[in-house]
Amino acid sequence: MASTTHVSRGRPDNDNNMSEQRASALKSLLLTVLSSAVVLTPVRAQIEPPQEGFFDVRSAATAMEAGVHELEARLQLILSAEALDALNSGVPLTIELNLEVIRVRRFLPDDLEAELTVTYELEYRPLSQRYILRNLNSGDQDSFATLYSALNNLGRIQGLPVIDDALLEPGSVYRMRLRALLSTRQYPAPLRILFFWRSQWQLQSDWYQWNLER
Amino acid sequence: MESRTIKRAAIGILGAIGVGLVLVALFLLGQTAQNSAEFDRAHIVILLINVAGVVVLFALLVGNLARLLRDYRNNVPGSKLKARMVGMFVGLAVLPLLVVFYFSMQFINRGIDTWFNVEVEAGLDDALELSRAALEMQKRDRLETTVHISDRLQNVSARQLIFELSKLRRESGAGEISVYDRNNRIIAMSSDQSAGSLPRRLTDEVLLQVRQNRPFVSLDPTQRGGYEIRTAVPFGDVNRPDLVGILQAHYPMPERLGSMANNVDSSYSDYKRMVYLREPLKRAFSLTLTVVLMLSLLASIYGAFILSRRLVAPIQDLVAGTRAVAKGDFDTRLPTPSRDEIGFLISSFNDMTQRLSSARREASLSQALVEAERANLEVILARLSTGVVALESDLRIRTANQASGAILNVDLENRIGEFLPDVAKGQPLLEQFVDVAQVHLNANETEWREQIVLRGEVGRRVLTCACTTLPGDEDHAAGFVVVFDDITALLQAQRDAAWGEVARRLAHEIKNPLTPIQLSAERMRRKYLKTLTDEDARVLDRATHTIVQQVEAMKEMVNAFSDYARAPDIDINLFSMDKLVHEVVDLYRAQESGIEIALKTDSDLPKVEADVGRIRQILHNLIRNSIEALDNTTDGCIEVSVSLAEAYEVEVVKIVVADNGPGFHTGSVSQVFDPYVTTKPKGTGLGLAIVKKLVEEHAGTIEAENRKEGGAEIRIELPANEAAREIMITKLPGRAEIRRERA
């Protein structure tokens with residue numbers, strides 16, 4: 001197993017940082033403007049559940065196995081009360097792992113060489129009273145008696161092949177980064193509008209990045 | 001003007017962008033709210049567009065509202081109408097929108113609520129419970145089967161294990177049975193799948209539970225959509241935990257049972273999901289509807305502003321145009337907005353201002369013509385030697401020309417607007433003039449003609465006077481105009497001409513017989529004096545002497561007449577007045593008549609241009625006249641002064657001869673220059689008449705008056721040179737005739 005070097009934690013790339021900041025600012029602006037509109041609606045305001053979930057990449061590293069860089073990562077995934085409520089109400093949750101391979105360039109902006117998204121679907125089946133964790137990329141699925149074990153299983157990534165070393169330029173320096181997020185893409189459109197404003201549905205870890213050892 | 005157009009264009013573009021954004025946003029919102037794979041990426045943009053539309057419209061509305069309020073408070077024309085129209089439009093647009101909004105909200109809420117039913121929910125719960133119970137039995141059976149398999153494999157040798165395992169799997173109906181040692185390594189496996197398939201791995205959950213010596217059983221959905229029962233039990237000698245492995249068996253559910261379980265599971269899940277999503281869906285639809293409402297509301301209010309502005313703009317233009325016309329700006333033209341009634345109104349307004357403008361142009365043209373005519377008239381009046389005085393009906397002076405002032409000896413030009421009788425106070429000539437005029441006016445005579453004789457200190461003036469009514473106009477009421485001419489000089493000239501004619505005839509008719517009379521008398525005397533007695537001779541001598549003497553006197557008189565009538569041509573030369581005066585005065589001083597003659601001349605008296613012979617005669621006549629006047633006076637004194645002065649704006653030589661004699665008779669001062677007017681016993685009465693004639697031939701002026709301290713004074717002003725004479729001829733009435741005569 002190749003050794004890994006931890007480079008930085010919680011220090012995302014500038015471009016993405018900017019875009020995230022913009023998105024955040026935009027959200028707060030839209031929230032402020034439309035708050036009056038929401039007030040006009042006859043829906044009763046719900047009391048926010050106290051539990052705030054969070055996604056965090058605890059550690060991540062790649063190791064080369066037979067010329068393929070494989071990911072080893074530990075994630076901490078805690079669902080918010082709203083997401084948990086939705087899950088237990090039969091709403092499947094989609095959790096994405098975004099993985100990016102970035103070529104570091106000295107004078108030019110860094111180049112995104114490859115990106116991989118691994119999508120998991122977490123579902124509660126009331127009949128069997130088990131949580132089903134489905135890898136939508138591979139189609140594999142496992143069932144778990146508890147949510148904890150399902151999330152724990154999901155948060156323990158071992159030997160996930162990321163990229164063939166032959167595809168990378170020899171001599172170039174590469175950086176990798178990983179994040180996990182709760183995707184609301186699969187929900188009906190009206191719900192997505194609503195979830196867009198709710199922080200409990202904005203579960204997304206910071207980018208965790210490290211240098212690719214070759 | 002330009003910046004206002006740019007501002008308006010900018011607001012228009014902003015408004016168009018706002019409305020465009022709203023439409024795009026509404027369209028996208030409608031599209032994406034139904035379904036769209038790209039919504040996740042697009043919905044931020046869509047919301048941004050919506051919000052931008054709302055912000056733009058809101059900003060425009062605030063600006064418009066602020067302007068409307070400001071205009072309303074400042075009473076800007078059209079603002080009240082605009083406010084009313086905006087209110088009306090907003091009311092028309094907002095009320096239906098709010099009604100639609102209310103019913104839409106109700107529809108959404110109730111529509112979503114109708115999806116749910118308590119009985120359905122209870123049925124689903126029951127179905128789930130029932131399914132669970134049924135499956136629980138299956139799980140228990142399968143677990144027992146697995147335990148049984150484990151027991152049967154206890155005493156099987158490792159070599160026989162595979163065969164026994166396959167046999168038991170087939171007997172039990174399991175899909176896969178695998179055996180793991182205490183290190184979780186696989187020892188044996190039997191599967192109904194084709195060779196080469198990998199055994200299922202042991203999950204943490206299975207390991208944890210079995211290692212605690214508890215059997216594991218679970219119902220797992222398969223990837224193919226069915227269900228399987230997974231079981232795991234300890235395998236080996238239970239008394240030696242360190243040697244115990246795990247036996248895991250998977251039992252597929254019968255297809256029909258699996259399908260039914262799946263239906264129950266998915267129906268229950270779907271229903272629960274819908275229940276969960278009920279409120280968020282309501283909220284999401286409400287939010288969308290609210291955004292749409294806000295956009296529509298703001299857009300319609302803004303539309304109300306635009307519409308009312310467009311409707312009111314021509315009216316505001318019209319008000320501004322009317323005000324401009326009221327202030328006298330007839331060149332105002334308004335843009336014609338449309339062909340409707342307002343367009344017709346504005347077109348009529350433009351026609352009106354055009355006509356007003358051309359009417360004003362014509363009026364100012366005719367006014368200019370009138371002004372020009374008036375100016376011409378004033379010039380003519382100023383140049384007229386005839387006096388013209390226009391009076392209001394209340395005898396205030398409306399206008400008067402220069403000649404009127406000169407004739408009446410009052411500066412009437414600068415007294416315009418004053419009451420004529422007031423102006424006349426202290427002015428003897430004007431007083432007499434006003435008296436005559438008032439007699440006619442009091443008798444309501446507005447058209448009259450009369451010759452007036454005015455008596456002044458320096459003589460009398462004869463005026464021919466005509467009065468007529470002056471028609472009134474918008475500035476003035478009806479009045480009178482009095483036109484008068486100073487015919488004194490004319491009359492004098494006529495009189496002089498008559499006297500000249502008389503003189504010529506006398507000279508001719510009288511002088512001729514005088515010589516024979518004289519000769520006859522002398523012959524008679526010479527012939528008969530010696531023949532007669534002394535007494536008779538004395539009588540004859542006295543008689544013939546008297547005849548001869550009287551004939552001589554008569555001849556002298558006739559010669560004087562002749563001189564008066566036949567003046568030689570004037571001969572202008574440059575000579576020293578100072579020297580001439582001294583010569584003449586010295587001649588009279590030498591006669592030692594007992595009268596003192598004082599002479600006073602300016603030291604800087606220049607040479608003058610005049611007829612030296614006539615000037616000498618003037619001096620002789622004046623001094624002799626004074627000497628004759630002082631005949632019976634002791635301490636008689638004559639003062640002669642010659643000085644340079646300015647009169648009628650030209651340089652004149654002023655000659656004053658004064659004495660301390662009896663002076664003129666008070667009543668005849670004005671006639672002293674007429675022929676045969678004398679106060680002296682011996683005078684011919686022609687001396688001063690000749691002097692006046694000579695002075696007038698030089699275009700000069702002569703005045704006679706009695707001195708306050710006693711005696712007479714005669715003042716003569718003669719132009720010092722030819723240029724001054726020319727000017728005085730133009731300024732003095734009556735002199736032009738003299739000039740013509742001279743020419």
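A residue is called buried if 20 or more other C-beta atoms lie within 10 Å of its own, exposed if 12 or fewer do, and partly exposed in between, with the C-beta atoms placed from the backbone. Residues are numbered from 1 along each chain as its sequence is written, while chains are lettered from A and ligands numbered from 1 in the order in which they are written.

**Confidence**

The predictor's confidence in each residue, from 0 to 100, is its pLDDT. The average for chain B is 82, and 90% of the residues score at least 70. Over residues 739–743 of chain B, pLDDT stays under 50, and the model has 3 contacts for them beyond four places in sequence. A contact here is a pair of residues whose C-beta atoms, placed from the backbone, lie within 7 Å. Where pLDDT is low, the predicted coordinates should not be read in detail. For the complex, the predictor gives an ipTM of 0.71 and a pTM of 0.51.

**Chain B as a whole**

Chain B has 18 helices and 17 strands. These are DSSP runs numbered from the N terminus: helices are H or I with at least four residues, and strands are E with at least two. Of the 743 residues in chain B, 30% are buried. Among contacts in chain B with a separation of 6 or more, 60% are between residues 24 or more positions apart.

Two strands pair if DSSP finds at least two bridges between them.

| Partner of β14(B) | Sense | Bridges | Residues opposite each other |
|---|---|---|---|
| β12(B), residues 596–601 | parallel | 6 bridges | B:K600 and B:S641 |
| β15(B), residues 650–659 | antiparallel | 10 bridges | B:A647 and B:V650 |

The hairpin of β14(B) and β15(B) has 2 residues between the strands, and B:Y648 takes a positive phi near 55° there.

**Positive phi in two loops**

Most residues other than glycine have a negative phi. B:D635, not a glycine, has a positive phi of about 55°. B:D635 is in the loop between α15 (612–629) and β14 (637–647) of chain B. B:D635 counts as exposed because it has 9 C-beta neighbours inside 10 Å.

B:A699 also has a positive phi, near 60°, and lies in the loop between α16 (687–697) and β16 (701–706) of chain B. With 23 other C-beta atoms within 10 Å, B:A699 is buried.

How values were computed
This is a predicted model: local features need pLDDT of at least 70, side-chain atom pairs count only at pLDDT 80 or more; totals for chains, interfaces and linings use all residues. Two residues are in contact if their C-beta atoms, placed from the backbone, lie within 7 Å.
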